[in-house]
Each structure stands twice: as C-alpha cells, then as structure tokens.
Amino acid sequence: MVSSDRGSLARDPRRYEVTPVELFFDLVYVFAFIQLSRRLLEHLDWTGLATTVVLYFAVFWTWGYTVWAVSLTDTRKAPVRWMLLVSMLFGLFMNASIAAAFEEAGWWFVGAYLPALIGRTIWLLTVNLQPALHAHFQRVLVWQLASAPLWIAGAAAGPETRLLLWACGVGIDLAGTLTAHPLPGRWLHSAGIAFAAPHMFERCRLFFLIALGETVLTTGWAIADAPVQPITLLTGTVALAGTVAIWWAYFRRSEAAARRQAEQDADPTRASRYATNGLMLMVAGLISIAVGDELVIAHPTEQTTVATNAALYAGPALFLTAQLWFARSVARELPPSRLVGLIALAIVGTATLRAPSFVAGIGSTAVLVGVAIADGRRARAEEADHAGT
C-alpha cells in the first residue's frame with residue numbers, strides 16, 4: 001500500500017517550471033557528449049559507429065527516463081531531489097566509462113546503467129501516480145528486466161560478443177521506447193492523463209542546447225589544435241555557421257510551434273513522447289556534426305572520405321528527419337523546408353565525396369543555412385498573418 005506521504009511526491013500538472021537541481025543533473029551529460037564524440041572520432045569505422053550508437057542510446061535513456069520521472073514528480077520534495085542526485089552519480093560513472101566500455105570498463109558501464117534505469121522505474125512505482133501511469137511503469141519495468149540479462153551477459157563477454165549482446169539489448173529497449181512498452185492486451189491509453197507537457201518540452205529544449213554547446217566546444221578545441229592559417233579561419237567559421245543554422249532552425253519557429261501543439265493537444269503525454277523520441281535523433285545528429293566539423297578543421301585540404309561526409313551530412317539529416325517526423329506525427333504537417341533540405345543533403349553529400357574536406361563542410365552548412373532562412377521567412381509570414389487578424 002502506498003502511503004499518502006509518498007503520494008505527495010506526484011507533480012501538479014499545472015506546475016511547469018524547471019528547477020535548478022534538474023539543470024544541475026544535466027551537467028553530467030555535457031561530459032557524456034564529449035566522450036561519445038571522442039569515441040566516434042577515434043574509432044571512425046563501422047564497428048566504432050556501432051559501438052558508439054549502442055552507448056549513445058543507453059546514455060540518452062538514462063537521461064530521458066529520469067526526465068519523465070521528474071515531469072511526474074515534484075522536485076521541491078526532498079525524495080525527488082535525492083532521486084535526481086543519485087541518478088546523477090550513476091550517470092557520472094556510466095559516462096566516465098564510455099571510452100573503455102568495450103574494453104576493460106564493460107562492468108562499470110552496465111553497473112551504472114542498469115541500476116539507474118531499473119532503480120528509477122521501481123522508485124516511480126512507489127509514488128502514487130495516476131492509475132494509468134502506475135500500470136504503464138509496471139510494463140516499463142517488465143521490458144527493462146527483459147533486456148537486462150543481455151547487458152549483463154555482454155559485460156562478461158569479449159568485445160565482439162559484447163557488441164552483439166548489447167545491440168540486442170538496445171533493440172529491446174528501443175522497441176519498448178518507441179511503442180510505449182506494451183504487453184499483450186495491455187498498452188498505454190494516454191489521452192485522459194493529466195501531464196505537464198510544457199515542462200517536458202522545456203527540458204527537451206534545454207537538453208538540446210546542452211548538446212549544441214558540445215558542438216561549439218568541439219569546434220573551439222579543433223580550432224585551438226589547428227595551425228594558425230587562413231584555412232582554419234574559414235573552416236572554423238563554416239562550422240560555427242552550421243551550428244548557428246541548426247540553432248535557428250530549432251528555435252526560430254519549429255520549437256515554438258511544437259510547444260503550442262503540445263499545449264493544445266488532447267493527448268499531451270503522446271505529444272511529449274514524440275518530442276523526446278525526436279530529441280533522441282536530433283542529439284545523435286549533433287554528435288555526428290561535431291565529429292564531422294572536427295575532421296574538416298583538422299584536415300581541411302585533404303580529399304574527403306566516406307566517413308567524413310557521412311558525419312557531415314548524416315548529422316543534419318538526422319536533425320531534419322526528427323523534426324519532419326514530429327511535425328507529421330503530431331502537427332499533421334510536412335514542412336517543405338525539411339523535405340527539400342533532406343534531398344539537398346543527399347545530393348550535395350554525394351557530389352562532394354571527392355572534393356577537399358572544406359568544400360564538403362561548406363556544402364553541408366549551406367544546406368542548413370538554406371533551411372534556417374526558409375524557417376525565418378515562414379515565421380515572419382505567420383507573425384504578419386497573426387498581427388493582421
């Protein structure tokens with residue numbers, strides 16, 4: 001039986017503010033993004049990509065499920081703050097083990113990941129949430145326990161087998177995340193659930209800014225390590241311009257439109273699910289962009305490789321695809337700028353395969369700038385229409 005004191009931990013859905021302890025918790029993920037981009041840069045092959053993707057999903061879910069827990073509970077209460085701080089501790093050790101997770105630190109990674117993930121879900125079941133949410137997190141726990149043996153077995157195995165086992169674990173966790181963790185005859189009916197969607201959207205936008213900040217840091221470090229030459233000025237400027245274009249494409253119109261849609265949606269929980277799943281793709285794209293920018297700054301005049309172009313163009317493609325998917329799924333629209341941008345990325349990325357790296361970097365940034373300009377024009381037109389009504 002749940003006590004009334006524990007029940008008092010549930011958040012009032014009308015309270016949307018993000019508290020300092022939540023932002024404090026996010027700081028360990030600045031370190032995570034740096035670790036992930038470093039790992040991908042140092043293992044720039046198919047195996048390196050696969051291992052980085054596996055680790056990225058685990059990192060993102062550790063953050064994402066914590067944010068869901070906080071969106072449902074009141075951070076003004078001491079038990080919720082302690083849950084966040086303990087999750088932060090697990091996250092710190094998990095992120096610190098990213099570099100050697102497929103070598104000697106496999107147990108460190110799993111030993112932090114599983115307690116953070118499963119422990120948080122068990123903790124949520126002690127809070128007197130709405131009945132539909134309580135039943136939902138019971139199903140979440142079943143899914144998480146189903147993948148846990150694969151993570152444990154992977155930690156005990158060699159690197160190749162570990163990758164296979166952990167990838168299967170990611171497959172189970174990803175399927176659960178995308179489908180809202182159904183069980184036979186039991187699934188989430190979220191239309192009638194009161195949920196603080198504005199809080200979730202605010203958390204998403206702040207986390208996106210943190211990931212964007214890592215891209216800026218990577219660019220700065222690459223410039224600092226590069227020779228003091230005009231080509232470094234060019235490539236550094238192009239890299240920052242691409243980051244600014246992504247910031248503009250996210251915040252000028254699409255983020256505000258998504259927030260309004262969530263506030264008006266009859267099912268705010270569903271809209272928030274799509275927002276966090278879309279963020280998962282966008283942040284992965286930012287890590288890819290950071291790696292591509294660093295490669296261009298470090299080797300600007302060398303002929304670009306498939307790996308360099310994949311990083312430069314797949315990152316923006318993930319970002320645009322996530323925005324397109326959210327707009328189609330929640331707002332029932334297909335933004336033309338995103339469709340055109342994806343086509344342009346495919347064309348320019350293919351055309352620059354044999355060009356110098358700095359040319360490939362300019363091409364990727366040019367597409368993003370084009371999308372940002374289109375967003376600005378559409379936003380101004382909508383603002384003018386609104387002012388005229």
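In this predicted model, the crossing of α3 and α5 is left-handed. The axes of the two helices, with α5 covering residues 106-124, come within 10 Å and meet at roughly 25°. Angles under 35 degrees count as roughly parallel, so α3 and α5 are roughly parallel to each other. On the α3 side, the contact is made by Leu55, Ala58, Trp61, Thr62, Tyr65, Thr66 and Ala69. Helix α5 answers with Phe109, Tyr113, Ala116, Leu117, Arg120 and Leu124. Sorted by class, the residues of this contact come out as 10 nonpolar, two polar and one charged.

Rolling a probe the size of a water molecule over the atoms shows where empty space is left. The count comes to five cavities of 30 Å³ or more. The largest cavity holds about 280 Å³ of space, and 21 residues line it. Tyr65, Trp68, His181, Arg273 and Thr276 are the ones closest to its centre. Tyr65 has already turned up in the contact of α3 with α5. Helix α3 gives the most to the lining of the largest cavity, with six residues. At least two residues each are supplied by α3, α6 (131-156), α7 (159-179) and α10.

Helices α9, α10, α11 and α13 each put in at least two residues. By class, the lining of the second largest cavity has five nonpolar, four polar and one charged residues.

The largest pocket takes in about 560 Å³ of space. Of the 22 residues lining this pocket, Leu40, Leu49, Val53, Ser288 and Ala314 sit closest to its centre. The elements giving two or more residues to the lining are α2 (20-42), α3 (46-72), α10 (268-298) and α11 (306-331). The lining of the largest pocket counts 19 nonpolar residues, along with two polar and one charged.

The second largest pocket has a volume of about 460 Å³. It is lined by 30 residues, and Ser254, Glu255, Ala258, Gln323 and Phe326 are the closest to its centre. Two or more lining residues come from each of α8 (197-225), α9 (230-264), α10, α11, α12 (336-351) and α13 (357-388). Helix α9 provides the largest share of the lining of the second largest pocket, nine residues. The class counts for the lining of this pocket are 16 nonpolar, six polar and eight charged residues.

How values were computed
Residues are numbered from 1 along each chain as its sequence is written. This is a predicted model: local features need pLDDT of at least 70, side-chain atom pairs count only at pLDDT 80 or more; totals for chains, interfaces and linings use all residues. Side-chain values use heavy atoms; hydrogens and water are left out. On a 1 Å grid over the protein atoms alone, a cavity is a set of points where a 1.4 Å probe fits but cannot get out, and a pocket is an open set with protein on both sides within 12 Å along at least five of seven lines; lining residues have an atom within 4 Å of a point. Grid points are joined across faces, edges and corners, and a volume is the space filled by probe spheres set on the points. Helices (H or I, at least four residues) and strands (E, at least two) are DSSP runs, numbered from the N terminus. Ala, Val, Leu, Ile, Met, Phe, Trp, Tyr, Cys and Pro count as nonpolar, Asp, Glu, Lys and Arg as charged, and the others, Gly among them, as polar. Axes are lines fitted to C-alpha atoms, for helices over the stretch in contact, and angles run from 0 to 180 degrees between N-to-C directions. Angles under 35 degrees count as roughly parallel, over 145 as roughly antiparallel, 65 to 115 as roughly perpendicular and the rest as oblique. A crossing is left-handed if the near helix is turned anticlockwise from the far one by less than a right angle, and right-handed if clockwise. Contact means heavy atoms within 4.5 Å.
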